[in-house]
Amino acid sequence: MIRKLIHATAAVLLSLGLFNAAWADRFEEILSKGVVRIGVPLDVPPFGSQNVNREPEGFDVEMAGMVAKALGVKLELTQITGANRIPYLLTDKVDIVISVMGLTPERAKQIMFTAPYANTSLAVYGPKNLKVKSAADLGNYKVVAAKGTTQELALTEANPKINMMRTEDDATAAAAYLSGQAQIFATNSIVAIDLAKKNPKKEFDLKFNIRRSPAHMGVKMGEHNLVRWLDSFIFFNTMNTELDKLHIKWLGRPMEPMPTL
Amino acid sequence: MFRHWVRIVVSVAVAALALASTGARADKLADILSKGVVRIIVFSDVPPFSSTNVKRELEGFDVDLAKMIAEALGVKLELVQATAANRIPYLLTDKADMNVAAMSVTAERAKQVMYSQPYADTSLAVYGPKSASVKTGADLGKNRIAVAKGTTEDIVLTSLNTPADIMRMEDNATSVQAYLSGQAQFLAANSVVVVELAKKNPNKEFDYKFPLRRAPAHVTVKQGEHNLLRWLDTFIFQATLTGDLNKLHIKWLGGPMTAPLPPL
């Protein structure tokens with residue numbers, strides 16, 4: 001009986017120990033496997049989209065390439081959307097998410113954010129003749145934003161009665177605005193500028209800024225070695241002006257000083 | 001017999017290994033979220049950071065910040081009152097999950113606790129009557145200076161090797177009382193606390209003598225709680241961008257956050 005008990009206890013403790021062994025360090029894994037899996041958007045130009053040759057390009061895509069190069073490993077790009085980027089981290093489909101992601105304390109209960117790497121803000125756009133200056137003025141209009149994004153959450157919180165059309169991704173939200181399905185479009189400032197360029201007949205009048213919202217990379221909760229390496233990588237590329245070059249190339253303006261995480 | 005002995009040794013070794021590793025895995029952030037309660041340390045007698053109002057409720061900058069933290073975590077708030085000297089012991093003995101009692105950084109304290117990014121800009125200084133010409137620790141002469149035990153102002157003042165008699169009082173309230181009653185000729189305190197004191201005691205002089213140091217306030221957690229610390233940094237970053245932290249500065253510290261605070 002006692003022997004049985006000891007056996008059972010040992011088995012349970014052993015399985016706990018094994019479970020613990022499975023808690024490996026992602027940073028070491030990336031280096032030992034020689035591959036880093038990075039999730040990027042392909043529906044959010046100029047951060048991530050497909051060019052005429054159907055190759056991924058943009059700020060985040062190039063940033064992913066820089067990360068892999070600095071790590072000295074092979075890059076494996078995975079396309080993600082605003083709604084599935086956190087699930088992809090949680091289920092280990094990717095090691096890092098670089099998808100112009102704004103941080104929130106709510107998201108930070110599930111994943112960890114790096115220091116900011118790109119200077120963007122969230123804003124509300126519409127036709128020139130609409131008089132809208134705050135979330136409170138949005139009551140009578142159909143507003144569109146991609147589901148689960150910072151702008152969608154912020155507007156819904158500021159005005160719970162808002163008539164919000166929540167789309168699967170940013171491209172669908174943009175299409176809804178362009179086609180007139182929605183009258184107001186909440187998105188990242190940079191996305192709006194890019195869309196306005198491509199659709200000269202559509203008005204993208206800035207109604208109001210929701211707030212400054214720099215982009216951060218995301219990693220799985222607990223991966224402190226990886227997040228610290230990425231923070232050092234961002235600091236290094238700020239100092240050597242590589243990050244400034246990316247801002248000028250993709251966002252058309254130099255990098256401004258950013259608050260530190 | 002031998003087999004039995006081996007079995008015991010093996011099971012004990014396995015148990016020790018498993019305990020050691022699971023012990024290292026315990027995570028305070030996950031604990032807080034699963035229990036649905038966060039226990040936060042604040043002062044009971046340091047306005048405008050945290051003190052008791054006429055309704056005998058705690059109020060102040062730190063109290064509001066603690067409420068914002070609990071709300072952002074989506075859990076119930078349990079305030080734990082402490083003095084400057086027992087803030088760290090309370091964290092180390094797990095009486096609380098985090099400390100929001102206006103604590104500034106010292107390398108010594110950082111051996112025991114971990115600091116978040118700063119959330120409030122304050123500085124520490126020495127105050128006294130207008131007539132006293134005092135610009136350094138040496139100028140304090142043989143006078144008495146009151147300070148709350150275990151505060152950063154106590155640590156900096158002590159390092160000055162002043163000839164003055166440093167009265168290390170149990171808490172902020174008794175330190176202030178020693179100065180108001182004239183027991184001490186000088187007071188070492190947080191600049192923000194002194195603004196509040198001067199308002200409440202118009203007949204007492206709180207003339208600024210010399211600075212001890214700039215001392216932003218940080219949230220602290222027990223050493224090793226990296227997930228919780230990263231969450232707090234994220235929370236502070238967000239509260240800075242949304243302007244919520246600035247609103248707290250205006251409400252309790254009498255003005256907006258000036259320059260960006262230096263990062264940790």
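Two strands are taken to pair if DSSP finds at least two bridges between them. Helices (H or I, at least four residues) and strands (E, at least two) are DSSP runs, numbered from the N terminus. The model is predicted: local features need pLDDT of at least 70, side-chain atom pairs count only at pLDDT 80 or more, and totals for chains, interfaces and linings use all residues. Residues are numbered from 1 along each chain as its sequence is written, chains are lettered from A and ligands numbered from 1 in the order in which they are written, and side-chain values use heavy atoms, with hydrogens and water left out.

In chain A, strand E1 (residues 35-40) is joined to E4(A) by 6 bridges in the parallel sense. Within this pairing, Val40(A) has Gln79(A) in E4(A) as its bridge partner. An open sheet of 5 strands in chain A has the order E4-E1-E5-E12-E6, and its pairing is mixed. Its edge strands, each pairing on one side only, are E4 (74-79) and E6 (111-118) of chain A. From one strand to the next the twist averages 25 degrees.

Chain A as a whole has 9 helices and 12 strands. Along the principal axes, its C-alpha atoms fill a box of roughly 80 × 45 × 35 Å. Of the 261 residues in chain A, 52% are buried (under 20% relative accessible area, with exposed over 50% and partly exposed in between; 1.4 Å probe, protein chains only). The chain exposes about 12500 Å², of which carbon and sulfur atoms supply 56%; accessible areas come from the Shrake-Rupley method with a 1.4 Å probe. Contact means heavy atoms within 4.5 Å. Among contacts in chain A between residues at least 6 apart in sequence, 70% join residues at least 24 apart.

In chain B, strand E9 (residues 144-148) has 4 of its 5 residues buried. E9(B) runs parallel to strand E10 (residues 165-169) of chain B, to which 5 bridges join it. Met167(B) in E10(B) is the bridge partner of Ala146(B).

Helices H3 (residues 61-73) and H8 (residues 226-242) of chain B pack at an angle of about 110 degrees, with their axes 11 Å apart. H3(B) is therefore roughly perpendicular to H8(B) (angles of 65 to 115 degrees; under 35 counts as roughly parallel, over 145 as roughly antiparallel and the rest as oblique). Axes are lines fitted to C-alpha atoms, for helices over the stretch in contact, and angles run from 0 to 180 degrees between N-to-C directions. Leu65(B), Met68(B), Ile69(B), Ala72(B) and Leu73(B) of H3(B) meet Trp231(B), Leu232(B), Phe235(B) and Ala239(B) of H8(B).
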